[in-house]
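The following paragraphs lead the reader through one structure, from its confidence and overall fold to individual residues. Please keep the sequence and the model in view while reading.

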Amino acid sequence: MSSASVSALFSKEPSQVKMSTLIALCTALDCTPNDLFEVDTTPVERPAVPPRPVADLPKVASARGRSMPPI
């Protein structure tokens, strides 16, 4: 791993990590991936979804009597 790659891992939280980088870190630190990650398992409440207004519902037939294509 380059020094720039290591510096980036320490200075900011990466959005993704290559498998080869993870293997290199585990080899260098003599650890497993479980030692490198902290997982927050706190349940998150889902926000209530408001009902859709009637105006947003798809129309069944057009003014000429033909049905609309599926959405």
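Predicted model: local features only at pLDDT ≥ 70, side-chain atom pairs only at ≥ 80, totals over all residues.

A residue is called buried when its relative accessible area is under 20%, and exposed when that value is over 50%. By this criterion Cys26 is buried, because its relative accessible area is 11%.

Over the chain, pLDDT averages 78, and 77% of the residues score at least 70. Confidence is highest in helix 2, with a mean of 91, and lowest in helix 1, with a mean of 81. The secondary structure consists of three helices and zero strands, and along the sequence the pattern reads α-α-α. Helix 1 covers residues 3–11 and helix 2 covers residues 19–29, while helix 3 covers residues 33–36. The chain has 71 residues, of which 6% count as buried.

Which residues does Thr21 contact, once its neighbours within four places in sequence are left aside? They are Met1 and Leu9.

Leu22 is also found in helix 2. Its relative accessible area is 15%, so Leu22 is buried. Leaving aside neighbours within four places in sequence, Leu22 is in contact with Val17, Pro33, Leu36 and Phe37.

Several of the residues already named return in the description of the pocket. The largest pocket has a volume of about 490 Å³. Its lining comprises 14 residues, and those nearest the centre of the pocket are Leu9, Pro14, Leu25, Leu36 and Phe37. Helix 1 and helix 2 each supply at least two residues of the lining. The largest share, five residues, comes from helix 2.

How many disulfides does the structure hold? The number is zero. A disulfide requires a pair of cysteine sulfur atoms within 2.5 Å. The cysteine sulfur closest to that of Cys26 belongs to Cys31, and because the distance is 4.3 Å, the two are too far apart for a bond. For Cys31, in turn, the closest cysteine sulfur is that of Cys26, at 4.3 Å.

A last point concerns the loop between helix 2 and helix 3, where Asp30 lies. Most residues other than glycine have a negative phi. Asp30, although not a glycine, has a positive phi of about 50°. Is Asp30 buried or exposed? It is exposed, because its relative accessible area is 72%, which is over the 50% limit.

Terms used
Residues numbered from 1 in each chain as written. Heavy atoms only, no water. 1 Å grid on protein atoms, 1.4 Å probe; cavity = no way out; pocket = protein on both sides within 12 Å on 5 of 7 lines; lining within 4 Å. Points joined across faces, edges and corners; volume = space filled by probe spheres on them. Helix = DSSP H or I, 4+ residues; strand = E, 2+ residues; numbered from the N terminus. pLDDT = per-residue confidence, 0-100. Contact = heavy atoms within 4.5 Å. Buried < 20%, exposed > 50% of the residue type's maximum accessible area, 1.4 Å probe, protein only.
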